[in-house]
2 protein chains.
Amino acid sequence: MQHRNLEACFSPALYKYHENKKAIVVVIDVLRATSSICAAFANGVVSIIPVAEEKEALEYKRSGYMVAAERDGYVLDFADFGNSPFNFSREKVDGKSIVYSTTNGTKVMNMASSSYLVTIGSYLNISALSRLLVEQKKDVILLCAGWKNKVNIEDTLCAGAFAEKLLSSNLFTTNCDSVKIACDLWSLARKDMLGYIDKSAQRSRLRDKKLDDCLELCHTLDITDKIPVLWDGKLVDISTVNLLTIY
Amino acid sequence: MQHRNLEACFSPALYKYHENKKAIVVVIDVLRATSSICAAFANGVVSIIPVAEEKEALEYKRSGYMVAAERDGYVLDFADFGNSPFNFSREKVDGKSIVYSTTNGTKVMNMASSSYLVTIGSYLNISALSRLLVEQKKDVILLCAGWKNKVNIEDTLCAGAFAEKLLSSNLFTTNCDSVKIACDLWSLARKDMLGYIDKSAQRSRLRDKKLDDCLELCHTLDITDKIPVLWDGKLVDISTVNLLTIY
């Protein structure tokens, strides 16, 4: 039985030191990009096109797409709604392909796109995605989106939750100190995730902008079995792609 | 009373996102550079010239300096001794100016040299240095040397120990998630530091090379009141410099 390597990367700026083209990368941006993307798939979205630039999002809007776009917590005037997971309701997204504008999230997904596979992770799909990672015979990198390249608490914690699930399979080994730090934080926080998250800087930012109603949803386990993956520049559910075509 | 900002930076590759020219930077490289430097000052060294390149260390040796230099755990053939803190004994270093060759350590110190002041931190001088940081009316950045730009456990933990001391003065505030993560690790590890450090990758590397005899010394609190600072490219004790001359 071949052991697979597990690493955690606490900031996009550190990704080049962890990069491994044979690995499956799990992008984690708990507040709020990857939680919102998982919520959209749970509610039947067909695909999500992640875009970095506001201009690009506007072009999609003009060509008929529904667009989710915020900057600094304010919905852009041409957008249909903002980036809260509550916006991606079944009424709005079921059966549709939509555009999600997120500067940092898009950058992080593209950064990892030369790896074996880029997946979208959050508490909302943690068990389903962890099962996939255990089934695939690949190394795994847990890639935290962080905040402007700084380490943040909420993504580090979620990386710890994923790491604990993967390591408990006994199919992964790790020599990565970041994995161990993340697991220790998770052991401290797991009994009261929201209480723990209360000290995070992003939690304060969302509170200041009255955008913190999503906090509980973003920390709810296993709302969906959907596993969004980056495929030809779009996010789609893994059940719709043929992994054998990668190589 | 003006509050000062406290940040922790877990990797040299993240320093540019924390940089603050008005801050005092504490460079932390527990295994082993900053512990060894503190041990040398405890044993009476007058100054330490940190050099990055082997070639530069060799030139100093030829001009008569005592040189500590290792690569991958092996003492370089021209060097007087390696980088273990045990090598910087009073018999060897008292009253002398010596050269310390450390690629990563030198890089990290130089990186921070445009800040208000670069100090060398370790468990060996943690109380003395923390007192200085409380007395100075400056922001503080705890800069972990890490391992090849990756986050490591031992430096993160020591940053947590410093942060706890500084925050308990009530003179610092922080909105930096890394500080909070480091403090939480410290709360988990403080009762059994060596037991906790056992899982770090660097601890395994040192064990494999039979260089782990220094582990206990590198995790011993308050062996010295010396505070090495970077001054004109050399490390000297803070008592020998006039801080008022900075600006």
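Analyst: Let's begin with A:Thr102, which counts as buried because its relative accessibility is 8%, under the 20% cut-off for that word. Please keep in mind that this is a predicted model. A:Thr102 sits in the loop that runs between strand 6 (97–101) and helix 5 (103–111) of chain A.

Helix 10 of chain A covers residues 201–208, and its buried residues are A:Ala201, A:Gln202, A:Arg203 and A:Leu206. What covers them? The cover includes helix 7 (153–167), helix 9 (193–197) and helix 11 (215–218) of chain A, and helix 8 (177–189) of chain B is part of it too. Just after helix 10 of chain A comes A:Lys210, with a positive phi of about 55 degrees.

A:Arg203 has a relative accessible area of 11%, so it counts as buried, and its side chain meets that of A:Asp198 in a salt bridge, N to O at 3.0 Å. A:Asp198 itself is partly exposed, because its relative accessibility is 40%. This pair belongs to a network of salt bridges that links A:Asp198, A:Arg203, A:Arg207 and A:Asp212. Over all chains, the count comes to 22 salt bridges.

Now to pairs that cross between the chains. B:Lys199 forms a salt bridge with A:Asp184, with the closest N and O atoms 2.6 Å apart. Why does this pair join two chains? B:Lys199 lies in the loop between helix 9 (193–197) and helix 10 (201–208) of chain B, while A:Asp184 belongs to helix 8 (residues 177–189) of chain A, so the bridge runs from one chain to the other. B:Lys199 is partly exposed, with a relative accessible area of 28%, whereas A:Asp184 is buried at 13%.

A:Lys199 forms a salt bridge with B:Asp184, and here the closest N and O atoms are 2.6 Å apart. This pair also crosses between chains, going from A:Lys199 in the loop between helix 9 and helix 10 of chain A to B:Asp184 in helix 8 of chain B. A:Lys199 is partly exposed, with a relative accessible area of 29%, and B:Asp184 is buried, with 13%.

How many salt bridges are there between chain B and chain A? The count is 4, and 14 residue pairs are in polar contact between the two chains. On the side of chain B that touches chain A, helix 1 (15–18), helix 7 (153–167) and helix 8 of chain B each supply at least two residues. Helix 8 of chain B gives the most to that side, with 7 residues. Altogether, 27 residues of chain B are in contact with 27 residues of chain A. The area buried between chain B and chain A is about 2400 Å², and carbon and sulfur atoms give 61% of it.

Finally, the cysteines. A search of the whole structure finds 0 disulfides over all chains. A:Cys176 is in no disulfide, and the nearest cysteine sulfur, that of A:Cys9, is 8.5 Å away. A:Cys176 counts as buried because its relative accessibility is 6%. B:Cys214 is in no disulfide either, and for B:Cys214 the nearest cysteine sulfur belongs to B:Cys218, at 4.0 Å. With 0% relative accessibility, B:Cys214 also counts as buried.

Notes
Residues numbered from 1 in each chain as written. Chains lettered and ligands numbered in written order. Predicted model: local features only at pLDDT ≥ 70, side-chain atom pairs only at ≥ 80, totals over all residues. Heavy atoms only, no water. Disulfide = S-S within 2.5 Å. Buried < 20%, exposed > 50% of the residue type's maximum accessible area, 1.4 Å probe, protein only. Helix = DSSP H or I, 4+ residues; strand = E, 2+ residues; numbered from the N terminus. Contact = heavy atoms within 4.5 Å. Buried area = accessible area lost by both parts, 1.4 Å probe. Polar contact = N/O pair within 3.5 Å; in protein donor to acceptor, adjacent residues only side chain to side chain.
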